[in-house]
Amino acid sequence: MKRLWLICAYAWLLAGCSMSRSLPVEPLMESDPARFVIVTLRNESAPSIPRAGSTVRGYEPPPSYSLAPATRASAKAVATAHGLREIAAWPIGLLGIHCIVYELPPDADRDTTIDRLRRDSRVESAQPYQSFTTLTGDSVPAAAVSDPYRPLQRNLDMMDVAGAHAWSRGEGVRVAVIDTGVDASHPDLAGRVIKQENFVDGSANSRDRHGTAVAGIIAAVENNSQGIVGVAPAARVHAMRACWPAPRDEAGAVCSTLTLAKALAAAVEARIDIVNLSLTGPADPLLTRLVEVGLRRGVVFVGATPANSGGSVFPTGIPGVIGVDSAGAKASADSVLFAPGSEVLTLIPNGRYDFLSGSSLAAASVSGGIALLLSRDRNLRADNARELLARSSRKVATAQGEAASVNLCAALAALIHQPACKE
């Protein structure tokens, strides 16, 4: 029965490759991700695509699927030569390439197949199809308190967000939350989520826990007589669903190379100011290339730092990406910033609130903090923002003892040459 279900899912994938809707990729990850590889072919002569995962005529596919005839022929020839089966394909205009997810033949060794593919002159790149996870820990039930909950947001006090709001609330800044779905109907996100895209299965209104929590940290509505306050309550959120809830782990989520690549391409094409990546996984060549294009275009990328990462991870292992860990954690690199990430009160779906922990939340705090800075200086670059936040960090009390944390009021004061904030 499971095999039949997977065959049906794959058939849907093959039928939908030329559609503008995103592809459902959970069947790939749930079956056996080691049975798949990602191959890219040069496609520089293909017509441009308005955004990742779209076509020029909505759901009606263009006759050529925006592929040069030579690219289409190469895709078939590569599959035949290496005994592969095409599962999904999509163009990335930013890189001038066409990406294909191939299934390996039975009993084939993935590393050996990738090595052969890399020696094939028709292949631009070949890599494993990989899995990524979010970095939020188990929740602690919220105390039964009346509205508003701002007094419970000790994380904001640790970063002196109230002081920072005297100068900026993130006005005019767009933040992409590449994560699970966001519950845009939550009362504390009313009017803050200005666009939602689903790169996992194309469905609408996916109200997932992790993405909602991250969006709440960044941009929960201010002064609405209920709930909490976001770090940058005037920032605008683009919710880009590239992950889905992890089985048997309500707080966690899973993503893939395919879904993250689509979301990253869309974010860069949309000229987003800040991309929040509260997730981690192995170093990934395709995703690295997309982030590097974004960095060259002035996009600020903020990533959650996993414990004992060793540096060779996505996204924080990419030079230029701002890595963030929870205040009190042991730094894995000198460039890592710290922000509150322990028992942080935030949003969860269906109008509710909860305390969550993890570097996912710390990264979201820094994304919100950079939105405050960008709102005052639109020319601020990622390296300048990171340096400013590092220099203005202060010692705060945490469960692990005194530890460094970004201080957003101090960072803003330094940026706009104002007197120092009150200690």
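## Buried cysteines

A residue is called buried when its relative accessible area is under 20%, exposed when that area is over 50%, and partly exposed in between, using a 1.4 Å probe and protein chains only. Cys99 counts as buried because its relative accessibility is 0%.

This is a predicted model in which local features need pLDDT of at least 70 and side-chain atom pairs count only at pLDDT 80 or more, while totals for chains, interfaces and linings use all residues. Residues are numbered from 1 along each chain as its sequence is written, and side-chain values use heavy atoms, with hydrogens and water left out.

## The disulfide

The structure holds one disulfide, a term for a pair of cysteine sulfur atoms within 2.5 Å. Cys243 and Cys255 form this link, with an S to S distance of 2.0 Å, and it is right-handed, with 90° about the S-S bond. Because Cys243 lies in strand E9 (residues 243–246) and Cys255 in strand E10 (residues 249–256), the pair ties together parts that are twelve residues apart in sequence; strands are DSSP runs of at least two residues, helices (H or I) of at least four, numbered from the N terminus. Cys243 is buried at 0% relative accessibility, and Cys255 is likewise buried at 0%.

## Thr257 and its surroundings

Thr257 lies in helix H8 (residues 257–269) and counts as buried, because its relative accessibility is 0%. Leaving aside residues up to four places away in sequence, Thr257 touches several residues, including Ile38, Tyr129, Phe132 and Leu286, where contact means heavy atoms within 4.5 Å.
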